[in-house]
Amino acid sequence: MVKVFLSLSFCILLLSCKSNSDFRNMSGFEKPFGQIKNDILKSEIELYHEKVNMPESPRLLHIFVSQVMDTTIYQLLYSNSAFGLITTPSTYYFLVNDNVIALSYLGVKEVGLPDSIAWAYLKEIFPEEYAYYQANNEFPPPRTGSEVVWRLKFYDGKLICRQESVSFTLF
């Protein structure tokens, strides 16, 4: 039931864009972005950007969302390749203070963006991967690394817990 609700909520969000004035222009191309309405979550995302050093290579903040009963869990980490973002079902793109972030709904596999639309968001962030994908019609081998992960637990729209850990990633 929660999966269906999350899927429908996001579809309604996308369909609610009425015109090009609802699109944000970023680096010369227009595309719709979702909106994060919870100010506490926005603050945590901003704090993650400030506290967790971004390496020199291209990266994008990737947030995994899951619902456990009445608690929403967000896991924040940097993705260092388009491969993980495009191959994770139910990934959508949001702006927080002009920073593009990816948000994936865990457990929801029935909806998502086609690769061509996902690349509209990612080709400027990961230009080498995009060029490789265009030339070979496949992704380059995924990168590996360790990432600082923040796990945020929200209950009734309020942050109740933040945990920090280091995780080994394949994308």
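**Set-up**

I am working with a predicted model, in which local features need pLDDT of at least 70 and side-chain atom pairs count only at pLDDT 80 or more, while totals for chains, interfaces and linings use all residues. Residues are numbered from 1 along each chain as its sequence is written, and side-chain values use heavy atoms, with hydrogens and water left out.

I call a residue buried under 20% relative accessible area, exposed over 50%, and partly exposed in between, with a 1.4 Å probe and protein chains only.

I began with β3, residues 60-68. Of its 9 residues, 7 are buried, so the rest of the structure largely encloses this strand.

Next I looked up its pairing, where two strands pair if DSSP finds at least two bridges between them. β3 runs antiparallel to β4 and is joined to it by 9 bridges. The two make a hairpin with 2 residues between them, and Met69 in the turn has a positive phi of about 55°. Within this pair, Ile63 sits opposite Leu76 of β4.

With β6, the pairing of β3 is parallel and covers 5 bridges. I noted one partner pair there: Val65 bridges to Tyr105 in β6.

**Nonpolar cores**

I then searched for nonpolar cores, meaning sets of buried Ala, Val, Leu, Ile, Met, Phe, Trp, Tyr and Cys residues joined through side-chain atoms within 4.5 Å. A general reminder to myself: in soluble globular proteins, nonpolar side chains tend to be buried together.

Which residues have the most contacts inside the largest core? They are Ile45, Ile63 and Leu76, in a core of 24 residues. At least two residues of this core come from each of α2 (39-51), β3, β4 (71-79), β5, β6 (99-105) and β7 (145-155). Apart from it I found another core, of 17 residues, with Leu60, Leu95, Ala102 and Tyr133 among them.

For Ile45 I listed the contacts (heavy atoms within 4.5 Å). Leaving aside neighbours within four places in sequence, Ile45 meets Ile36, Leu61, Ile63, Leu76, Val96 and Ile101.

**Helix α4**

In α4, residues 115-122, the buried residues are Ala118, Trp119, Tyr121 and Leu122. Looking down the axis, I see these buried residues within an arc of 155°, so they line one face of the helix. The arc is taken over the directions from the helix axis to the C-beta atoms.

**Two single residues**

Thr91 is in strand β5, residues 91-96, and is buried at a relative accessible area of 5%.

Tyr155 is in β7 and counts as partly exposed at 41% relative accessibility. Its C-alpha atom is 9.8 Å from that of Met69, 86 residues apart along the chain. Setting aside neighbours within four places in sequence, I find Tyr155 in contact with Asp70, Thr71 and Ile160.

**Salt bridges**

How many salt bridges does a search of the whole structure find? I get 3, where a salt bridge is a side-chain nitrogen of Lys or Arg within 4 Å of a carboxyl oxygen of Asp or Glu.

- Asp39 and Lys42 meet at 3.6 Å, N to O. Both lie in α2, 3 residues apart, about one turn of the helix. Asp39 is exposed at 54%, and Lys42 is partly exposed at 24%.
- Arg162 and Glu44 meet at 2.8 Å, N to O. This pair links distant parts of the chain, with Arg162 in β8 (residues 158-169) and Glu44 in α2, 118 residues apart. Arg162 is partly exposed at 40%, whereas Glu44 is buried at 8%.
- Arg59 and Glu147 meet at 2.1 Å, N to O. Arg59 lies in the loop between α2 and β3 and Glu147 in β7, so the pair ties together parts 88 residues apart in sequence. Both residues, Arg59 and Glu147, are buried.

Conventions. Helix = DSSP H or I, 4+ residues; strand = E, 2+ residues; numbered from the N terminus.
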